[in-house]
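The following note is meant for a colleague who is meeting this structure for the first time. Its points are numbered and may be checked against the structure shown below.

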Amino acid sequence: MQFVNKYEFDKLVKRYNGDYRVRELNCWNLFVQLFFGQLTSLNSLRDICTCLKAHRL
């Protein structure tokens, strides 16, 4: 995650109102999960969530 500057990401989210009316899955968490999915070549959001839950401590 060193490739993405969190400060710049947060500025863009604020500019485009990306977290408007978000309850649980904010833009940063969604980005991290989708980035993980790309790295692991998973096909669906459900697969990504299942894999992340399996690695949760």
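**Notes on the predicted model**

1. Asn17 is partly exposed, with a relative accessible area of 48%; the classes used here are buried (under 20% relative accessible area), exposed (over 50%) and partly exposed (in between), with a 1.4 Å probe and protein chains only. Asn17 belongs to the loop between helix 1 and helix 2 and comes just after helix 1. Its phi is near 55°, a positive value in a residue other than glycine. As background, most residues other than glycine have a negative phi.

2. On the basis of the note: this is a predicted model, in which local features need pLDDT of at least 70 and side-chain atom pairs count only at pLDDT 80 or more, whereas totals for chains, interfaces and linings use all residues. Residues are numbered from 1 along each chain as its sequence is written, and side-chain values use heavy atoms, with hydrogens and water left out.

3. Arg21 also has a positive phi, of about 60°, although it is not a glycine. This residue is found in the loop between helix 1 and helix 2. At 72% relative accessibility, Arg21 is classed as exposed.

4. Helix 1 covers residues 6-15; helices here are DSSP runs (H or I, at least four residues), and strands likewise (E, at least two), numbered from the N terminus. At the start of helix 1, a side-chain oxygen of Asn5 comes to within 3.1 Å of the backbone nitrogen of Tyr7.

5. How many salt bridges does the structure hold? There are two, a salt bridge being a side-chain nitrogen of Lys or Arg within 4 Å of a carboxyl oxygen of Asp or Glu. One joins the side chains of Lys6 and Asp10, at 3.2 Å from N to O. Lys6 and Asp10 are four residues apart in helix 1, and are therefore separated by about one helical turn. Lys6 is partly exposed at 37% relative accessible area, and Asp10 is partly exposed at 36%.

6. The side chains of Lys11 and Glu8 also meet in a salt bridge, at 3.6 Å from N to O. Both residues lie in helix 1, three residues apart, which is about one turn of the helix. Lys11 has a relative accessible area of 44% and is partly exposed; Glu8, at 35%, is partly exposed.

7. Four aromatic pairs are found in a search of the whole structure. Rings of Phe, Tyr and Trp (its six-membered ring) pair if their centres lie within 6.5 Å, and planes under 30 degrees apart count as stacked, over 60 as edge-to-face and the rest as tilted. The pair of Trp28 and Phe31 is tilted, because the ring centres are 5.8 Å apart and the planes stand at 40°. These two residues are three apart in helix 2, so about one helical turn separates Trp28 from Phe31. Trp28 is buried, with a relative accessible area of 18%, while Phe31 is partly exposed at 25%. Ring pairs join Phe9, Trp28, Phe31 and Phe35 into a cluster.

8. Leu25, Leu30, Leu34 and Leu45 make up a nonpolar surface patch, with about 310 Å² of accessible area together. Patches consist of residues with over 30% relative accessible area and no salt bridge, in which like charges are joined within 9 Å and nonpolar side chains (Val, Leu, Ile, Met, Phe, Trp, Tyr) within 5 Å. Accessible areas come from the Shrake-Rupley method with a 1.4 Å probe, and for residues only the protein chains shown count as cover.

9. How many disulfides does a search of the whole structure find? The search finds zero, a disulfide being a pair of cysteine sulfur atoms within 2.5 Å. For Cys27, the nearest cysteine sulfur is that of Cys49, 16 Å away. For Cys49, the nearest is that of Cys51, 10 Å away. Cys27 is partly exposed at 23% relative accessible area, and Cys49 is partly exposed at 28%.

10. Asn43 lies in the loop between helix 2 and helix 3 (45-55). Its relative accessibility of 76% places Asn43 among exposed residues. Asn43 and Asp10 are 33 residues apart in sequence and 27 Å apart in space, C-alpha to C-alpha.

How values were computed: Polar contact = N/O pair within 3.5 Å; in protein donor to acceptor, adjacent residues only side chain to side chain.
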